[in-house]
Amino acid sequence: MAGGRNPDGRAGGASGGPIPPIAVVGNPNSGKTAIFNALTGLRQKVANYPGVTIEKKEGRARLPDGSEVVLIDLPGTYSLFPHSPDELIASEVVLGRYPATPVPGKVLCVVDASNLERNLYLATQLIDHRIPVVIALNMIDVAEAGGITIDIGRLSEELGVPVLPTAASSGRGIPELKAALAGGANGEPAARLFELPEAAQRECTLLEGELLRLYGFRPAVAHHEAVSLLSSSPEAADTTGRSPSAPAINDEELLARVKTARDKLDFLGIDRQSVFIEGRYARIRQICEKCVSTNGFAGRRLSDALDRVLTHRVWGFLIFMALMTVMFIGVFTWAEYPMQFITAGFDSLGAIVSDTMPPGDLRDLLVRGVIAGVGAVVTFVPQILALFFFISILEDSGYMSRAAFIMDKVMGKVGLHGKAFIPLLGSFACAIPGIMATRTIESGKDRMVTMMIAPLMSCSARLPVYTLLIAAFIPHYLILGFLPLQGLTMAAMYVLGIVMALAMALLFKKTLLRGKKLSFVMELPPYRMPSPRSIGMIMLDRGLVFLKNAGTFILGVSIILWFLSAYPKVDGATPQEQLEQSYAGRAGKLIEPAILPLGFNWKIGIGLIGSLLQREVFVSTMGTIFNIGNDGDPESGVSLQERMVRDRDPETGVNSFSVLTAICLMIWYALSMQCMSTVAIVRRETAGWKWPVILIAYMTILAYTFTFLVHQGGLLIGMG
Amino acid sequence: MFTLLITKKIMKPESGKPGPDRTDGPRIAGDTNGAVSLDSLPGGGGGTVTSIGGDSTPLRQRLMELGITIGSDIRVVRKAPFGGPIEIAVRGYRLSLRRAEARTVMIDTGV
């Protein structure tokens, strides 16, 4: 809404400007994102991932008073004192000191009604920081079904903040929640909820005052810093908990004061770490006794029954393996028909354009550059959708954490955390969300190892390359009458990536990222029916990001490549000669000496160069190159695969591709780091160029070495 | 079992040695005759937390923030195969932790 009025005139922002945003926080699995989606609908600004991590998702909600407010969806967190990078983001935004994010006017804290005690820990922390809070008591339906009755009026009274019952999955309570978020009626909570022992309280208050005086912190930040200064031990360099953006607290006098305060509390036998936690839980228990009544333990019965099977020492593993198999078969078979449909669509579009336009450079550009290039990549949208469909079901249902639970020991063998399994599985779809998912790994080193090997998982961008090469060069043949050779080749590529990733993990853990094993403290939420809405949102989100990419980056690369392969014009040359003389042909020839030992000629070189930034571009490049290089009528319906098989050097008569070349190319693409977006995301997540450079270097060396060995070995045994 | 927590006192002047060099051994909280480490409990076993070791480590902080505080009730739901993590029930929800982590939590089984 233009102008951003503040309905009751309360000073929301610093100068009556736009309404300050509302931050949405909550424990993991509290249904926070579902509430966010229910409030904002599709009016979300989804972060664009090349170069930008999805740190905060923003959405707009129209409130009953007519105002429009920005909501920020923050990563799930258990506490305002963070233990992992994503928790750090949540607490920094809430405290209003995250760069380029306005101080939230209010915080919407989503609390799982079926798991109230632990969820209230974060909520009461917010209240004790004197941050204006509205509580959404979410999954109230689950709590009721489990025999938990909550006196909501009483709870709101005890906490001193508005509490609204919601069930995001059915939309229950959402209008009331919007009404509560509107206006500025609820200010800061009146009082702290729990009492510290007198000495601790005194030191804490004194320190807060000093921080306010010396650094001009807002009260919430002063309280936060005072508690963290008092509770940490002097020698503990708690790097995850410290905000990089917060001003360094280095005033000598203040630090001396902190030391005296710590010594005093230690002398009194007060455990400075637990004093801030145990008192809070004791108070929460009191509140729950007043407001919550339960009848029996019906809540988890079904979930427990499922767990007896799904985390069983034998069945658990078998089911896990079966699920993974189903997932991959599903992705390939389900996506096949829509893919054929899209391909046919782009083919006929090309044919229509060819028929209606006069011949010339513009027609060539459209048909051979734009339509062929973008079409080749858009074909893979169904696969991406199918993969994210499965991954979001696994995540939404609660199975992902069980998978981490049963895989932790296995992953531990190569020094990885059980939680690393989730980002790695996600990387089969795309390394970018996979790398972003590593934020749930608390240890910096474990996280770094996972990030370094995630790009070795065969992502969906490699699929087009594999699919094209397998369809063209691997024969339709059933081993033992039932195992398709083509399918096995595909599986082999995945296995190659996994084996290399595990080997590299071990290597990294032994060298650059040596460190002791870190904690595996992870919640196992009850199983839930995945919500079609949230699955739909994730698929839509991923699909759009990919299409946006295809419409911008890949379109641009396609046009440039078409230009490079069509110019400079050579008069009277055959298409083959023309390609050879073009800029692209010259670049391909330039790198030919380096790639010839891998079995790649200059034409493939053009593909390698073209896909340096994005591996799936290889397919569209091949589409462009072999369309141009084709002597006959390019619209005659000869498939790209056939053109690649037939293509040969006019002088030597040697085919561009052999089966060995195709295998080598697949190995190259399985192991090399040809994805600018991944490099960009790693740079962002690690805040520097060191790790992205290491990533590019090691993967290139790995890919070159392996492809070289396979090619030379293949030649020795008479392949190719 | 609820009232136990409320009356729980955090200050125990006689139990901690003064100074920052206090050891991280189990602090005395009531009767610890039956206290065993959490990882040694069999599946289905449980009791009341008597101490969380590891001094002021981030792990200790996190365990406490997740509700594993002195006096809270814990039950071992299951143990993953081959020495994998264990699953516990605490404050009405489920948490998994590795055995080495569970070793820092002492439990009074009440026997």
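Let's start with a term: a residue is called buried at under 20% relative accessible area, exposed at over 50%, and partly exposed in between (1.4 Å probe, protein chains only). This is a predicted model, where local features need pLDDT of at least 70, side-chain atom pairs count only at pLDDT 80 or more, and totals for chains, interfaces and linings use all residues. Residues are numbered from 1 along each chain as its sequence is written, and side-chain values use heavy atoms, leaving out hydrogens and water.

Take Trp315(A): with a relative accessible area of 49%, it is partly exposed. Trp315(A) sits in helix H12 (residues 315–356) of chain A; helices (H or I, at least four residues) and strands (E, at least two) are DSSP runs, numbered from the N terminus.

Helix H24 (residues 602–610) of chain A is largely enclosed by the rest of the structure, because 8 of its 9 residues are buried. Among those buried in H24(A) are Trp602(A), Lys603(A) and Ile604(A).

Now for the strands, which pair if DSSP finds at least two bridges between them. One open sheet has 7 strands with antiparallel pairing, in the order E12(A)-E5(B)-E4(B)-E3(B)-E2(B)-E6(B)-E1(B). Its edge strands, each pairing on one side only, are E12 of chain A and E1 of chain B. Here are some of the strands by residue range:

| Strand | Residues |
|---|---|
| E12(A) | 522–523 |
| E1(B) | 35–37 |
| E3(B) | 73–79 |
| E4(B) | 86–90 |

E3(B) and E4(B) run antiparallel and are joined by 5 bridges. Lys79(B) stands opposite Ile86(B) in E4(B).

Terms used: Chains lettered and ligands numbered in written order.
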